[in-house]
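I opened the notebook to record what I looked up in this entry, and I begin with the model itself.

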Amino acid sequence: MERQDPKPDNRADNSARNMEIARETKENLLEAEDYLAERGDSLSEEERRNIVNKNRRRMESIRAHMEEAMDELDEIGENANRLED
């Protein structure tokens, strides 16, 4: 069996990927809010609570992915500055 070298760390698209994940998560959060607004009265308290809790986790996920995207962009900028020096 031939030994394969590990793939290099390609972080070029990390920021875009994190932004896309945040966007998709926000869409899911908004859909859940719409669902609650339209059908909330017919849900059990537990079902409603589960959706609300999941949306809280979604908000935290969005925040974390946005922060990670910004960190990646900052790092790209710092690396570009080092190359210019």
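Before checking a helix length, I noted that helices (H or I, at least four residues) and strands (E, at least two) are DSSP runs numbered from the N terminus, and that the expected span of a helix is 1.5 Å times one less than its number of residues. The model is predicted, so that local features need pLDDT of at least 70 and side-chain atom pairs count only at pLDDT 80 or more, while totals for chains, interfaces and linings use all residues. Residues are numbered from 1 along each chain as its sequence is written, and side-chain values use heavy atoms, with hydrogens and water left out.

I found two helices and zero strands in the chain.

I next looked up burial, where buried means under 20% relative accessible area, exposed over 50%, and partly exposed in between (1.4 Å probe, protein chains only). Of the 85 residues, 19% count as buried, and in α1 the buried residues include Ala22, Thr25, Leu29, Ala32 and Leu36. I set beside this the general point that an α-helix has 3.6 residues a turn, so residues three or four places apart point the same way.

In helix α2 (residues 45-84) I looked up Leu73, which is partly exposed at a relative accessible area of 43%. Ile76 is also found in α2, and it counts as partly exposed at 42% relative accessibility. I noted finally that the C-alpha atoms of Ile76 and Ser15, 61 residues apart along the chain, are separated by 9.7 Å.
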